[in-house]
Amino acid sequence: MTSFFELLKYGQKELKTASDEEAMLDSQILLQEAFNLTKSQLLAQLKDSTEDFLATKKFKANIKKRKARIPLAHILKYFYFRDHKYDIKPGVFIGRPETELLVEKITHVIRDNNLNPAKINLFEF
């Protein structure tokens with residue numbers, strides 16, 4: 001039997017060898033996904049052992065994909081953009097944090113200046 005903590009450390013170690021700058025976070029997210037746990041549930045069960053062979057296998061397979069630099073969103077098959085969850089398939093472009101920030105700023109400019117978004121020609125700027 002393996003504990004969730006041991007699996008988390010395994011994922012982190014594997015991803016660090018691939019120069020993944022967010023190895024711990026990626027490992028945590030993939031572990032949560034494989035075992036269908038929230039962050040709070042995972043943290044509460046870190047010392048617990050798991051006998052769920054299929055979830056463990058899924059976690060290790062996803063770590064292998066992430067180690068091969070497959071984007072986390074493509075592994076999870078979803079991503080969040082502006083507090084909305086989007087299901088995706090391979091080949092779909094993933095919104096970057098910078099794009100989300102730009103959309104947020106544009107939204108504020110439109111709202112603060114009482115503009116009609118349907119009449120804005122972004123190519124005139």
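**Exercise 1.** Keep in mind that this is a predicted model. Work out whether Y78 and Y80 are each buried or exposed.

*Solution.* Start with Y78: its relative accessibility is 16%. The cut-off for buried is under 20%, so Y78 counts as buried. Now take Y80, which has a relative accessible area of 51%. Exposed means over 50%, so Y80 is exposed.

**Exercise 2.** Classify the aromatic pair formed by Y78 and Y80.

*Solution.* A search of the whole structure turns up three aromatic pairs. One of them joins Y78 and Y80, with 6.0 Å from centre to centre and 85° between the planes. Ring centres must lie within 6.5 Å, and planes over 60 degrees apart count as edge-to-face. The Y78–Y80 pair is therefore edge-to-face.

**Exercise 3.** Find which lysines sit over the rings of Y78 and Y10.

*Solution.* Stay with Y78 for a moment: the charged end of K85 is over its ring, 4.2 Å from the centre. Then move to Y10, where K60 lies over the face at 5.1 Å from the ring centre.

**Exercise 4.** Trace the largest nonpolar core, then zoom in on F4.

*Solution.* The core has 19 residues, and F4, L30, L31, F35, L42 and F59 touch the most other members. Next, look at the helices: α1 (4-17), α2 (23-35), α4 (53-67) and α5 (72-76) each supply at least two core residues. The largest share, five residues, comes from α2. Finally, leaving out residues up to four places away in sequence, F4 touches L31, F35, L37, L42, Q45, L46, D48 and T50.

Note on methods. Residues are numbered from 1 along each chain as its sequence is written. This is a predicted model: local features need pLDDT of at least 70, side-chain atom pairs count only at pLDDT 80 or more; totals for chains, interfaces and linings use all residues. Side-chain values use heavy atoms; hydrogens and water are left out. Rings of Phe, Tyr and Trp (its six-membered ring) pair if their centres lie within 6.5 Å; planes under 30 degrees apart count as stacked, over 60 as edge-to-face and the rest as tilted. Buried means under 20% relative accessible area, exposed over 50%, partly exposed in between (1.4 Å probe, protein chains only). A charge sits over a ring if NZ of Lys or CZ of Arg is within 6 Å of the ring centre and within 35 degrees of the ring normal. A nonpolar core is a set of buried Ala, Val, Leu, Ile, Met, Phe, Trp, Tyr and Cys residues joined through side-chain atoms within 4.5 Å. Helices (H or I, at least four residues) and strands (E, at least two) are DSSP runs, numbered from the N terminus. Contact means heavy atoms within 4.5 Å.
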